[in-house]
Amino acid sequence: MEIRSTDREGFRLVYGKCYPVLVKICYHITYDMDVAEDLVQEAFERFYLKNMGFPSEDDAKYWLIRVAKNLALNHVRRSKREGAMVDKVKAAAVTKPSAGHDGERLLMEGETVKEVRAAIKALPENLRMVIILKEYGHLDYKAIGRVLGISEGNVKIRVHRARKKLEESLSGDEGYVY
Amino acid sequence: MCIDEALLSTYLDGELKEPYKSQTEEHLSHCAACRARLEKLKALGQLLEADSIDEVELSRAKEKTAGILEGKFFVEGGKKPSFLRRRIEMGLGSMVTAAAGLVVVFIGGFVLFGSSRAQTSEIIPSYTVNADSANVHFVSSPQQGLDAYSLEEILSYLDSRGYNVDISLKGVQPIGQ
């Protein structure tokens with residue numbers, strides 16, 4: 001079914017299908033729910049304003065994932081650049097306990113989540129993106145290949161290598177693996 | 001022979017094609033070591049799942065953003081947001097570059113167009129300054145300054161006007177005094 005991004009029904013259909021995936025991907029690149037929401041909104045705004053036609057739902061989905069992923073990567077790069085400034089401000093402000101859902105969950109599963117994040121952050125970018133799209137976006141190899149512009153075989157290899165590296169860095173604590 | 005790690009990872013993702021898929025299953029049915037490796041891979045996936053977004057949180061975000069987008073694009077009789085109302089994100093670097101660019105354009109505009117009457121009137125027809133190189137004159141010219149006269153000429157002029165000027169070099173005394 002052809003999708004036009006300015007068509008109300010088409011937009012709603014794509015939004016309903018893609019929103020969770022996009023937020024998950026953006027969240028696992030930025031590790032900030034508010035930022036992820038903003039970026040996904042921005043991606044959908046671009047989607048509408050570009051007024052594009054897509055041969056299928058999947059094509060629209062791949063386009064959106066590509067845009068959202070790039071927005072998130074840019075955000076991370078920018079905040080790294082401005083990181084020094086932000087750190088100063090944070091140091092000046094009174095340290096408050098991490099608020100909301102994120103904070104509570106972090107307290108409960110704190111250590112595991114911390115270790116998983118550290119392991120994922122330690123991956124080189126080409127492996128990290130593939131594993132985020134696979135494990136958190138739950139995309140298949142074909143979709144990952146389309147989003148990243150690489151072959152399915154390449155996706156297969158990268159997923160495998162990323163898992164191997166993650167196993168290595170997480171197996172320090174056997175208790176979590178078994 | 002046991003199954004390759006990469007093959008196992010592909011099998012776990014359900015992306016292994018026939019006949020490899022049934023061969024792998026057949027092997028797994030009698031090889032405990034490979035089953036253990038598969039379980040380990042599955043455990044890794046579950047471990048990664050520990051860091052996932054709460055579903056309630058996700059649907060709240062979905063509703064919220066849907067509301068914003070519907071309001072922006074699909075409200076009855078609503079218009080597309082104008083260029084000015086769109087959020088423009090800019091880093092510090094690009095902001096500095098843009099500012100510098102504006103300054104260059106501003107000054108460059110004056111350099112290129114500001115001095116020529118013809119072009120100024122072309123750009124702003126109602127407002128033309130009568131200030132091109134044809135009718136602008138230097139107020140002071142080098143011919144009228146003191147530099148144009150020698151020291152003797154200045155002295156004799158002052159002498160003729162009745163001034164008694166004594167000129168000496170600082171720190172140098174005439175001989176015999």
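Me: Let's start with H7 and H8 of chain A. At what angle do they pack, and how far apart are their axes?

Reply: In this predicted model, helix H7 of chain A, residues 141-148, packs with helix H8 of chain A, residues 152-170, at an angle of about 105°, and their axes are 8 Å apart. Angles of 65 to 115 degrees count as roughly perpendicular, and H7(A) and H8(A) are therefore roughly perpendicular to each other.

Me: Which residues meet there?

Reply: From H7(A) there are A:Tyr141, A:Lys142, A:Ile144 and A:Gly145, and these meet A:Glu152, A:Val155 and A:Lys156 in H8(A). Sorted by class, the contact of H7(A) with H8(A) has 3 charged, 3 nonpolar and 1 polar residues.

Me: I'd like to look at A:Val155. Is this residue buried or exposed?

Reply: A:Val155, which is found in helix H8 of chain A, has 26 other C-beta atoms within 10 Å and is therefore buried, given that the cut-off for a buried residue is 20 or more.

Me: And what does A:Val155 touch, leaving aside its neighbours within four places in sequence?

Reply: With those neighbours left out, A:Val155 is in contact with A:Val130, A:Tyr141, A:Ile144, A:Gly145 and A:Ile150. As for A:Lys142, its C-alpha lies 8.2 Å from the C-alpha of A:Val155, and the two residues are 13 residues apart in sequence.

Me: Switching topic: how many residues does each chain put into the contact between A and B?

Reply: Chain A gives 38 residues to the contact and chain B gives 29 residues. On the side of chain B that touches chain A, the elements giving two or more residues are helix H1 (5-12), helix H3 (32-49) and helix H4 (55-73) of chain B.

Me: Which element has the largest share on that side of chain B?

Reply: That is H4(B), from which 9 residues come, the largest share of the side of chain B that touches chain A. By class, the residues on this side of chain B divide into 16 nonpolar, 7 charged and 6 polar.

Me: What about chain B overall, how many helices and strands?

Reply: Chain B has 7 helices and 0 strands, so that, read from the N terminus on, its elements run α-α-α-α-α-α-α.

Me: And how much of chain B counts as buried?

Reply: Of its 177 residues, 5% count as buried. Taking the contacts in chain B between residues at least 6 apart in sequence, 30% join residues at least 24 apart.

Note on methods. Residues are numbered from 1 along each chain as its sequence is written. Chains are lettered from A and ligands numbered from 1 in the order in which they are written. This is a predicted model: local features need pLDDT of at least 70, side-chain atom pairs count only at pLDDT 80 or more; totals for chains, interfaces and linings use all residues. Axes are lines fitted to C-alpha atoms, for helices over the stretch in contact, and angles run from 0 to 180 degrees between N-to-C directions. Helices (H or I, at least four residues) and strands (E, at least two) are DSSP runs, numbered from the N terminus. Angles under 35 degrees count as roughly parallel, over 145 as roughly antiparallel, 65 to 115 as roughly perpendicular and the rest as oblique. Two residues are in contact if their C-beta atoms, placed from the backbone, lie within 7 Å. Ala, Val, Leu, Ile, Met, Phe, Trp, Tyr, Cys and Pro count as nonpolar, Asp, Glu, Lys and Arg as charged, and the others, Gly among them, as polar. A residue is buried if 20 or more other C-beta atoms lie within 10 Å of its own, exposed if 12 or fewer, and partly exposed in between; C-beta atoms are placed from the backbone.
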